[in-house]
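Please open the model in a viewer and follow the selections below in order. Each stop names what to select and then states what is found there.

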Amino acid sequence: MLDKVTKQKLVVIGNGMAGIRTVEALLERAPDLYDITVFGSEPYGNYNRILLSPVLAGEKTVDDIMLNTVDWYEDNNITLRKGETITMIDRRTCEVVTEAGERVPYDRLLIATGSNPIMLPLPGKDLPGVIGFRDIYDVDRMIKASTDYRNAVVIGGGLLGLEAANGLMKRGMNVTVVHLLDTLMERQLDPVAGGLLRKSLEERGMVFKMPAQTQAILGEDRVTGVRFGDGTELPADLVVMAVGIRPNFELAKKAGLYCERGIVVSDTMQTYDGRIYAVGECVQHRRQTYGLVAPLFDQAKVCANHLAMKGFATYDGSVTSTKLKVTGIDLFSAGDFAPGPDKEEIVLQDANRGVYKRIILKDKKIVGAVLYGDTIDGPWYFQHLRDGTDVSHMRERLVFGAANLGDGGVSGQSSVAAMSDETEICGCNGVCKGAIVKAISEKKLFTLDDVRAHTKASSSCGSCTGLVEQVLAFTLGGDYSAAPKVKPLCKCTDHSHDDVRRVIVEQQLKTIPAVMRFMEWKTLNGCHSCRPALNYYLLATWPGEYRDDQQSRFINERVHANIQKDGTYSVVPRMWGGVTTPSELRAIADVAEKFNIPTVKVTGGQRIDLLGVKKEDLPAVWADLNDAGMVSGHAYAKGLRTVKTCVGSEWCRFGTQDSTGLGVKLEKFMWGSWTPAKVKLGVSGCPRNCAEATCKDVGVVCVDSGYEIHFAGAAGLHIKGTEFLTKVETEDECLEVIVALTQLYREEGWYLERMYKWCDRVGLEQIRKRVVDDVANRKALFARFGYSQQFAQTDPWAERASRGVDRNEFAPLAELELA
Amino acid sequence: MTQWIEIGALTDIPRLGSRVVRTPGGNIAVFRTESDEVFALDDRCPHKGGPLSQGIVHNKRVTCPLHNFVIELASGQAVAPDEGCTHTHPAKVENGVVWLSVRQAAAVS
């Protein structure tokens with residue numbers, strides 16, 4: 001650890017969420033780089049400002065919303081100077097000056113002064129009883145007023161105003177909300193949703209006066225009333241101004257830093273003075289200012305990276321979503337929903353149920369969403385919005401949400417707010433709602449990743465991700481930190497899957513270390529997420545050239561069997577098209593008896609599974625199966641798994657084509673190929689579809705006149721019927737299209753992204769164009785697949801059973817007999 | 001007193017990989033990092049007993065193949081926020097030979 005004297009000095013002005021989040025991120029990246037001093041005007045540690053509304057409403061206490069207590073600063077060797085205000089920044093001498101005149105030097109300065117409530121310049125605005133809604137002090141004053149007085153007027157019908165009004169109402173006051181416009185929360189809501197919101201707040205007893213302009217605040221020693229533009233007056237003992245916030249950049253401006261509506265910062269969160277950074281509500285980035293927490297966290301991360309001298313991240317702006325923190329009212333809005341000539345809208349309105357949904361599309365993508373009454377799909381729409389997904393193929397059903405599209409997971413739950421604490425959210429890891437809520441409140445979690453790490457919810461299959469995000473939004477009551485727009489491959493890098501795949505090709509990178517070096521991986525050897533992904537990308541990009549890295553393979557692919565919960569393995573021999581013979585069955589029976597294999601089971605993919613094989617027995621088991629003519633069934637692979645078939649025209653009285661024969665042909669051509677995620681095929685001999693081909697990754701449905709090719713189905717986490725790709729007349733064409741499709745997926749899919757997810761992301765039309773319409777491209781894809789197959793079609797079992805490949809893998813290093 | 005037992009050559013363990021040493025008290029996983037350091041841990045994840053020797057090794061950590069718990073090779077501790085600890089055993093390399101000292105308490109448990 002560096003000596004305190006020699007360390008660089010970082011001074012942080014502002015002890016709020018943005019500043020401290022930056023400090024936390026900095027400590028993670030470079031714990032000993034700086035000697036850190038934090039100045040905060042408020043006499044507290046850092047607290048969660050977005051939860052002030054629940055404190056006001058009496059649903060939480062101040063202690064509940066503390067994020068960093070005074071002890072935290074001590075534990076991290078941070079000097080916290082609370083209750084001290086900085087009055088000047090002296091850039092010439094690199095010092096800040098406190099109210100008391102003390103000069104404190106800095107090497108790097110971080111300005112996180114947040115924002116101030118806008119106080120309308122009305123007559124009477126300085127009277128006692130007129131307050132803003134911004135900090136604990138304001139909340140204290142409101143709570144006190146609610147015990148001593150009756151009538152409150154809240155000026156401003158935006159998010160903050162309504163939350164303040166709701167809180168005061170809950171504390172027993174008569175509350176009137178005054179709003180300049182005729183739509184509540186007009187920045188987040190359209191008039192219809194605004195109307196629904198107003199109606200339900202009125203039912204709770206809130207009174208609205210809108211549109212109305214406040215002209216003066218009345219009173220002598222204390223506020224007594226409010227007068228409006230139309231001459232009417234309302235009695236008031238408390239007036240809360242919640243018309244908006246204004247970035248607080250006076251200090252920066254005085255220091256000569258360039259400011260417009262906020263402190264102007266670059267993509268690395270630096271001001272025009274490179275030694276001075278700024279984050280949070282006080283900044284203006286690419287002409288935008290933000291008043292929500294998610295963007296602040298994105299900024300904090302980037303700023304911390306730069307301060308830690310790991311300058312690989314840039315902030316590209318944020319798309320935000322909002323949820324109103326009024327208990328019992330479900331309201332969600334995200335993106336841009338102002339009508340425009342190039343925009344299209346899908347609207348669902350059900351007045352009786354109190355449900356309103358409006359999705360705004362532009363160029364086949366979601367650009368905005370307003371949901372009222374039923375907000376379960378908010379995060380799902382928001383995800384598509386951020387990812388810029390082409391949603392044209394699901395447009396018809398889009399407004400009904402993820403569950404209707406078969407994308408909602410298996411739990412079938414919808415409203416998180418209505419769930420009891422015991423309701424299981426994550427079926428994989430058995431995590432119930434109460435546990436997630438508890439972790440979020442106690443461990444101060446803000447992001448989906450935090451929740452995954454601490455509770456394991458949504459960390460396995462991911463189908464409950466939407467629900468977990470709902471619990472987050474519900475518990476935090478507001479806008480939680482959403483994932484960045486472009487998802488990094490894993491935590492070891494900021495680059496996306498697409499970036500990595502592109503750079504591997506462009507830079508001719510041919511080993512995992514070369515990729516990590518060139519793309520500046522943050523970790524030494526990557527992790528269990530990125531190494532298998534990189535290994536696959538290199539293998540798929542450089543067939544025959546890249547040497548498969550066994551240590552970057554998940555165990556199943558390393559030992560060519562599936563690990564089970566007790567550390568034994570399961571073995572599935574290949575049965576082409578699901579067809580077997582008496583001698584194969586006899587051999588399987590013999591193997592099972594010879595090696596005391598406890599369970600023999602038929603799989604869903606028409607294979608036989610031998611479960612409970614000891615690792616050291618694997619090569620011998622394989623040798624016996626090889627002797628009977630069987631090879632690896634790749635039931636463990638991110639690769640071609642099974643081709644399921646029905647008996648087809650050879651036996652079936654309804655069969656139109658030889659579905660079994662085609663299935664065998666496909667499997668013999670495609671086995672051994674590695675793909676981004678598993679690939680399962682099905683071939684049905686007639687539209688009765690006994691092979692269930694229309695929920696496979698690729699499915700063929702034979703008809704009298706030829707072969708219908710379908711793809712992008714799923715019947716696991718998600719249930720999704722296939723998309724129709726094309727119809728062809730001959731088996732050869734059928735093979736060519738399916739192989740070309742698979743090759744395109746191999747070249748473009750993200751690791752672990754199933755074919756249906758890939759199709760969702762890239763778009764059905766795009767894929768059809770390149771695989772079906774562009775014949776030359778199809779043939780080129782087919783040829784590339786064929787080329788790669790010559791290196792892939794070696795039976796891994798035979799290599800290990802008889803040729804001694806990886807012998808070490810299956811034998812212990814030593815056997816010790818200890819005394 | 002530490003009693004060292006020779007268990008094999010360093011090259012018998014793949015880089016960023018692991019091999020198992022059988023003992024009467026259960027398997028011990030011996031790991032080799034990229035920089036040829038070796039570490040020995042009980043071959044049981046503190047979470048659900050998964051065989052750590054079968055996991056992916058990265059830097060000085062291993063990820064359990066069953067549920068992706070990440071374990072510090074040096075201390076046996078699960079990486080936060082996961083909790084739990086796997087017993088470690090002293091291990092060292094001298095002139096390309098790997099030595100292990102089985103800590104009985106662990107081997108029995």
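Select L539(A), which is buried, with a relative accessible area of 15%; buried means under 20% relative accessible area, exposed over 50%, and partly exposed in between, with a 1.4 Å probe and protein chains only. L539(A) belongs to helix α16 of chain A, residues 530-541. Helices (H or I, at least four residues) and strands (E, at least two) are DSSP runs, numbered from the N terminus. Setting aside neighbours within four places in sequence, the contacts of L539(A) are Y546(A), D548(A), R553(A) and W674(A), where contact means heavy atoms within 4.5 Å.

The model is predicted: local features need pLDDT of at least 70, side-chain atom pairs count only at pLDDT 80 or more, and totals for chains, interfaces and linings use all residues. Residues are numbered from 1 along each chain as its sequence is written, chains are lettered from A and ligands numbered from 1 in the order in which they are written, and side-chain values use heavy atoms, with hydrogens and water left out.

**A helix pair in chain A**

Next, display α18 (residues 582-594) and α19 (residues 618-627) of chain A, which pack at an angle of about 160 degrees with their axes 9 Å apart. Because of that angle, α18(A) is roughly antiparallel to α19(A). Axes are lines fitted to C-alpha atoms, for helices over the stretch in contact, and angles run from 0 to 180 degrees between N-to-C directions. Angles under 35 degrees count as roughly parallel, over 145 as roughly antiparallel, 65 to 115 as roughly perpendicular and the rest as oblique. To see the contact, show I588(A), V591(A) and K594(A) of α18(A) together with V621(A), D624(A) and L625(A) of α19(A). Four residues of this contact are nonpolar, none is polar and two are charged. In this classification, Ala, Val, Leu, Ile, Met, Phe, Trp, Tyr, Cys and Pro count as nonpolar, Asp, Glu, Lys and Arg as charged, and the others, Gly among them, as polar.

Continue to the loop between α19 and β34 (640-645) of chain A, where H634(A) lies. H634(A) is not a glycine, yet has a positive phi of about 50 degrees. Is H634(A) buried or exposed? H634(A) counts as buried, at 4% relative accessibility.

**An enclosed helix and its surroundings**

Select α22 of chain A, residues 755-762: six of its eight residues are buried, so the helix is largely enclosed by the rest of the structure. The buried residues of α22(A) are M755(A), Y756(A), W758(A), C759(A), D760(A) and V762(A). They pack against β36 (698-703), β37 (706-711), β38 (714-715), β39 (719-720), α21 and α23 (764-773) of chain A. Following α22(A) is G763(A), with a positive phi near 100 degrees.

The contact of α21(A) with α24(A) has eight nonpolar, three polar and six charged residues.

**Cysteines**

Across all chains, a search finds zero disulfides, a disulfide being a pair of cysteine sulfur atoms within 2.5 Å. For C695(A), the nearest cysteine sulfur is that of C690(A), 13 Å away. C695(A) is partly exposed, with a relative accessible area of 25%.

**Backbone stops**

Finally, visit two cis peptide bonds and a further loop residue. M210(A) and P211(A) are joined by a cis peptide bond with omega of about -5 degrees, and P211(A) is in the loop between β14 (207-209) and β15 (214-219) of chain A. In chain B, a cis peptide bond with omega of about 5 degrees joins A80(B) and P81(B); P81(B) is in the loop between β7 (70-72) and β8 (88-89). Returning to chain A, select K364(A), a residue other than glycine with a positive phi of about 70 degrees.
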